[in-house]
Amino acid sequence: MFIASFFVVVIFFAMIVGMIKPSIFSFGSFKATRLKIIGIWFFLTVIASIFMGNAEKTTNQLAGGQAGNTQPTATSAPLTSDGNANIAKSEASKWQYSEKRDEMRGSTTYWATLKSNNKVAFDFPYNGGSYLTLELRKDPQYGNDVMFSISKGQFTCVMGCKGSVKFDDGQVQSVNLTGASDGSADVVFIQGSKSIVNFVDKIKKSKTMMVEFEFYNEGRNQFKFDTANLEWKHF
């Protein structure tokens, strides 16, 4: 490799000298003009070879780069006809499901529960933040229920009350509520069997829900829920 490079340098140097002062290499019948022409021809040949070599190298690099870019990556999504990424349209559900089997009576109770996105700050002794939980229940003994329970606090709904609800960007609606039969102040129920079914139907069609209820010594407070993808076929 070194010897070849040395000869290339010598020949190149000779060409330059031959072009500038061809009389140095003139001998016999070879005149200086002929040597000059030969030197120019060798010089142009070398320059052309170098240029073509670089051009071929650049072409190969571009071709290699393009070929590499056509390979799909592990994280790339397939493209649709309009060039947009084909992203799966699936939303994670925040609903939790449970059931309890009564072996003696041969019946099963089903629940679907959803915790509010936000919490509200109540005063002592309910300070520290309170969440609201929405619960759907199918019970062989008690029937169908939609209830709301507060983690810390009390509803003012012993003899019945009204609350407000809004699904997605719809209108604010009024809903009739009733307290628990055992007097528990931390839970309220949607009142009326028809209202229960209509309420669940609206939940199934919605992605978000906001409710506003009144609490003892705390006034009216609002809670938000992500209601999307409810899987409930019990009523």
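Strands β5 and β6 form a hairpin with five residues between them, and Asp-168, which lies in the turn, has a positive phi of about 50°. Strands here are DSSP runs of E with at least two residues, numbered from the N terminus, and two strands count as paired if DSSP finds at least two bridges between them. This is a predicted model, in which local features need pLDDT of at least 70 and side-chain atom pairs count only at pLDDT 80 or more, while totals for chains, interfaces and linings use all residues. Residues are numbered from 1 along each chain as its sequence is written, and side-chain values use heavy atoms, with hydrogens and water left out.

**Strand pairing**
- β5 pairs with β6 (residues 173-179) in the antiparallel sense over five bridges, and Ser-164 stands opposite Ser-174 in β6.
- β5 also pairs in the antiparallel sense with β8 (residues 208-215), over four bridges, and Lys-166 has Met-210 in β8 as its bridge partner.

**Ser-164**
- Ser-164 is found in β5, which spans residues 161-167, and is buried at a relative accessible area of 18% (buried means under 20%, with a 1.4 Å probe and protein chains only).
- Leaving aside residues up to four places away in sequence, Ser-164 touches Val-172, Gln-173, Val-175, Met-210, Val-211, Glu-212 and Arg-220, where contact means heavy atoms within 4.5 Å.

- Met-209 touches, among others beyond four places in sequence, Phe-148, Val-165, Phe-167 and Phe-223.

Key. Buried means under 20% relative accessible area, exposed over 50%, partly exposed in between (1.4 Å probe, protein chains only).
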